[in-house]
Amino acid sequence: MNKLKIEKEYIGISKTLRLPENMVDTVQALANLKNISFNKAIITLVGFALENLDDDDKTQISNNAKYLLTSNSANL
């Protein structure tokens, strides 16, 4: 089983999320337990989820990203 690791640093952009209240409570409890910010807990959890995606989903995301990159560069 994969283990969740809390990383120290990151850089990012601002994004607004609407989360169910029970999820917010659970993430806040984890953040408190690990003595990290709520934001850092969300970043870590999302990162973990993305790294552990189903292989088919990873392939589809990769293919979509390649398409977006090539279609955007054609418009430049």
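## Overall layout

In what order do the elements of the protein run from the N terminus on? They go α-α-α. What you're looking at is a predicted model, and the protein in it has three helices and zero strands.

How much of the protein is buried? Buried residues account for 8% of its 76 residues.

## The largest pocket

Let's turn to the pockets. The largest pocket has a volume of about 340 Å³. Its lining is made up of 13 residues. If you want to find the spot in the structure, look for I13, K15, L17, N39 and I43, which lie nearest the centre of the pocket.

What sort of residues form this lining? They divide into nine nonpolar, three polar and one charged.

Is L19 buried, partly exposed or exposed? With a relative accessibility of 32%, L19 counts as partly exposed, because that class runs between the 20% limit for buried and the 50% limit for exposed.

Now for the loop between α1 and α2, where α2 spans 38-51. Phi of N35 is near 60°, which is a positive value in a residue other than glycine.

N35 also counts as exposed, because its relative accessibility is 69% and exposed means over 50%.

Definitions and conventions
Residues numbered from 1 in each chain as written. Predicted model: local features only at pLDDT ≥ 70, side-chain atom pairs only at ≥ 80, totals over all residues. Heavy atoms only, no water. Buried < 20%, exposed > 50% of the residue type's maximum accessible area, 1.4 Å probe, protein only. 1 Å grid on protein atoms, 1.4 Å probe; cavity = no way out; pocket = protein on both sides within 12 Å on 5 of 7 lines; lining within 4 Å. Points joined across faces, edges and corners; volume = space filled by probe spheres on them. Nonpolar A, V, L, I, M, F, W, Y, C, P; charged D, E, K, R; others polar. Helix = DSSP H or I, 4+ residues; strand = E, 2+ residues; numbered from the N terminus.
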